[in-house]
Amino acid sequence: MAYAQVAVNAPGAGRRSYSYSIPDELADRVRAGHGVIVPFGRHTFQGIVLEITDEPGYSRTRPIESLVADDPVIAEPLIGLGEWMATYYHTDLYTAYRPMLPPAFEQRQTIIVRVTESGQDAIENVSPRRAEILDFVLDAGETTTAAIRDEFGARAARDVTALTGRGYLDASEVWEGPRISPRMDIFVEAAIPHDQLSTRAVELRAGGAFRQADALESLASNPGGRLSDLRRVSGASRKSWDALAEADVITLEQRETRRDPLAARAGSPPMPDLQLTPHQKDALNHVTASIDADDSDIYLLHGVTGSGKTEVYLQAFRRVIEKGRRGIMLVPEIALTPQTIGRFWERFPGRVAVLHSGLTLRERYDEWRNIAEGQFDIVIGSRSAALAPMPDVGLIVVDEEQEWTYKQESPTPRYHARDVSIERARREGAVVVLGSATPDVGSMYAALRNEITLLELPGRITAAQDDGGTGWAERPLADVDIVDLRQELMEGNRSIFSRALREVMTDALGRGEQAILFVNRRGAGQAVQCRACGHTMRCRRCTTVMTYHADERIVCHLCGDRRRSPTRCPRCRRNTIRAIGVGTERVAAEAEAAFPGARVIRWDRDAVTEARGHEPILGEFANGRADILVGTQMIAKGLDLPGVTVVGVVNADIGLHAPDFRASERVFQLLCQVAGRAGRGHAPGRVIVQTYEPENQAIQAAAAQDYRQFYLEETQFRRQLRYPPYSRMARLTCARVSRRDAQSAAEQLARALRGEIRARGIMNTRVIGPAPAAWERVRGRYRWQITIVADEPTELLETVALPPGWTVDVDPMSGG
């Protein structure tokens with residue numbers, strides 16, 4: 001008999017697999033990667049087969065009950081990666097596989113109840129309420145506990161438990177079917193020569209079969225296709241089409257159809273590669289040498305904004321495809337996928353897939369299956385695409401590798417797509433390219449220690465035509481000026497636009513050029529505050545300050561709570577409450593007033609929801625139908641907009657003093673990235689950075705676009721405090737309804753951790769905290785945190801068990 005090691009999706013299953021016997025009826029079907037239903041304790045759960053063995057892991061095993069699907073749901077190369085993720089990120093084994101699973105894989109259980117014979121006899125001997133429940137189930141024959149709850153209320157759950165315990169109800173668990181499955185459509189084909197369809201239609205019309213004639217005429221005009229489409233065109237009923245099939249005039253065949261989110265791009269011929277600069281050639285030669293040797297090398301491609309990194313990516317993917325392998329292209333924001341897809345589609349039409357959370361469930365399901373079947377050469381997507389079921393991966397590119405959005409914050413597993421990509425590549429013999437104009441300090445640290453290979457593109461370039469074809473011409477980086485907002489106020493300018501910014505924007509717009517206004521906050525204002533008593537409107541369920549929006553509502557961007565902004569202060573009852581600060585809505589409104597005639601559009605998450613996607617907004621601006629783009633972080637990353645010559649940073653100080661040791665790095669990277677949007681075409685660029693702290697080292701380094709200066713100062717600070725990259729971190733968070741309970745639980749665990757360090761004599765390990773989280777109260781629960789700083793922070797957790805209600809975030813990327 002064969003046995004299977006299974007990761008089980010059950011409470012308490014932990015970071016280990018369990019041994020199950022494979023029954024004879026499944027012996028030829030169960031393989032590693034299959035989804036299965038298995039018993040665990042008194043219930044059944046879904047699981048994933050990790051390995052088939054000849055010997056059981058235990059002396060007594062229980063059998064697998066059934067398969068979830070006919071085909072495996074985890075590709076074999078990813079099975080070991082999931083085990084690594086569970087260990088590295090200190091999460092349950094099944095949870096580590098969750099982001100690899102096909103969309104809507106996880107099914108729900110339904111409990112079916114029936115009245116037993118003893119239950120029928122007991123109806124007159126139980127309470128009136130329970131007698132009603134027994135009568136209800138008896139009338140239905142069988143029903144679900146959910147139906148009982150809907151009929152009798154939430155308290156009925158205790159009654160059902162009591163009746164089941166006494167043997168009056170028989171309860172069994174039934175797995176509901178999948179939420180999504182392959183879509184089947186009926187297709188029509190002519191069974192007679194196509195040139196005879198019109199003649200046959202005339203004959204049918206002469207014989208009075210008008211609808212059948214209409215059907216054939218529509219088929220003659222639209223050869224083949226879905227029956228539903230042809231019925232809509234012809235007006236003929238299904239009965240008419242069936243009659244034609246019975247007469248052997250047509251054939252009706254059921255086939256699977258899949259949604260293609262890139263179908264609108266079909267039909268364009270491939271574009272040739274561009275000529276490379278010497279620096280690009282050198283970088284590409286390093287990467288392709290590793291691809292040809294099937295080495296698992298890691299490269300950090302450090303190039304200033306506009307230095308031609310994407311062209312290196314494209315030609316590296318061409319080489320890996322020529323080798324018969326495939327690749328994954330990661331971008332940090334869904335907003336970047338339309339432009340990235342456009343660039344890749346030009347070179348590899350019909351061979352590119354897209355995978356991200358912005359697709360519909362059906363699109364993600366179909367795209368996931370197409371990728372797993374090897375129908376594409378390249379997958380483009382955000383964080384989750386790192387775990388795409390792509391077979392035979394030879395190259396993974398992580399563009400803008402410094403971005404914190406590559407880290408999954410919630411739910412678990414809290415993985416980092418960059419680090420997972422590196423581990424995946426190591427296991428599959430693939431090359432990794434990490435690209436950035438402002439690399440993560442940890443990545444540059446690894447490169448300078450020769451742990452990974454540093455490749456550099458030092459100059460900005462733009463596409464140009466010469467006798468040899470399409471090549472590159474060198475372009476200077478945009479000029480960056482810092483404006484001291486304190487001085488502006490002292491000189492009487494209370495506008496959100498400094499005089500310098502207003503002047504350069506007026507000149508650029510007058511020349512028909514475009515401008516970007518960057519503000520790192522959504523909404524019309526930062527907060528709503530009383531000018532008399534200082535009261536600030538905060539979320540009722542969280543500790544966060546609520547953001548004012550132009551529809552006169554205040555919104556919590558943590559939990560989504562929204563309500564109308566008060567006209568009087570709830571504390572002092574005075575009519576002195578106002579929106580303060582600057583958000584994208586207010587900047588857009590003031591830009592319209594300051595630059596009459598300019599077409600202004602907004603690009604933030606709220607605007608994307610209204611526009612039903614990023615692509616319409618990006619397309620409108622890129623095609624010159626708008627003059628000024630106002631946006632948040634998503635406009636700073638990787639966009640190539642040649643018409644933009646001016647970028648204004650409305651307030652560079654936002655985020656500078658966040659409770660996070662990476663705050664300066666984030667501001668530096670963001671300012672450099674947004675400055676890189678200006679001057680990417682043939683006209684020179686200007687950037688105006690407005691700040692109340694012009695002397696800040698991060699802002700100074702960003703204005704000089706001097707990564708080396710920033711890196712040296714930042715690493716000196718981190719080395720003194722032994723922060724990453726000179727150590728690693730794990731943050732432990734507990735959430736409780738009561739602040740006192742959260743604090744008490746955190747203090748108790750911190751004492752246990754420090755005691756374990758002393759008892760085991762662990763070196764170079766310290767425990768910081770406990771302390772309230774940066775957002776102490778979220779969705780009604782108080783959160784306290786402990787941070788472990790060590791070379792291997794999770795090692796301490798192997799011997800100190802975490803109580804229920806704690807979460808672990810290994811290598812956290814935010815202040816919590």
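The model is predicted, so local features need pLDDT of at least 70 and side-chain atom pairs count only at pLDDT 80 or more, while totals for chains, interfaces and linings use all residues. Residues are numbered from 1 along each chain as its sequence is written, and side-chain values use heavy atoms, with hydrogens and water left out.

**Exercise 1. Helix H6**

Task: Find which residues of helix H6 (156–165) are buried, and what covers them.

Solution: 
1. Helices (H or I, at least four residues) and strands (E, at least two) are DSSP runs, numbered from the N terminus.
2. Ala 156, Asp 159, Val 160 and Leu 163 are buried in H6; the term means under 20% relative accessible area, against over 50% for exposed and partly exposed in between (1.4 Å probe, protein chains only).
3. These residues span an arc of only 100 degrees around the axis, so they lie on the same side of H6. The arc is taken from the directions from the helix axis to the C-beta atoms.
4. Exposed Arg 158, Thr 161 and Gly 165 sit on the face of H6 turned away from the buried side.
5. The cover over the buried residues includes strand S7 (109–115), helix H4 (128–140), helix H5 (145–152) and strand S9 (169–175). Contact means heavy atoms within 4.5 Å.

**Exercise 2. The sheet**

Task: State the strand order of the open three-stranded sheet and locate its edges.

Solution: 
1. The order is S8-S7-S9, with antiparallel pairing; two strands pair if DSSP finds at least two bridges between them.
2. Strand S8 (143–144) and S9 are the edge strands, each with a single partner strand, so one side of each has no neighbour in the sheet.
3. S7 and S8 run antiparallel and are joined by two bridges. Thr 143 in S8 is the bridge partner of Val 113.

**Exercise 3. Aromatic pairs**

Task: Classify the pair Phe 317 and Phe 344.

Solution: 
1. The structure holds 15 aromatic pairs. Rings of Phe, Tyr and Trp (its six-membered ring) pair if their centres lie within 6.5 Å; planes under 30 degrees apart count as stacked, over 60 as edge-to-face and the rest as tilted.
2. For Phe 40 and Phe 45, centres 6.2 Å apart and planes at 85 degrees make the pair edge-to-face.
3. For Phe 317 and Phe 344, the centres are 5.5 Å apart and the planes at 75 degrees, so this pair is edge-to-face.
4. Phe 317 lies in helix H12 (residues 309–322) and Phe 344 in helix H13 (residues 337–347), so the pair ties together parts 27 residues apart in sequence.
5. Phe 317 and Phe 344 are buried.
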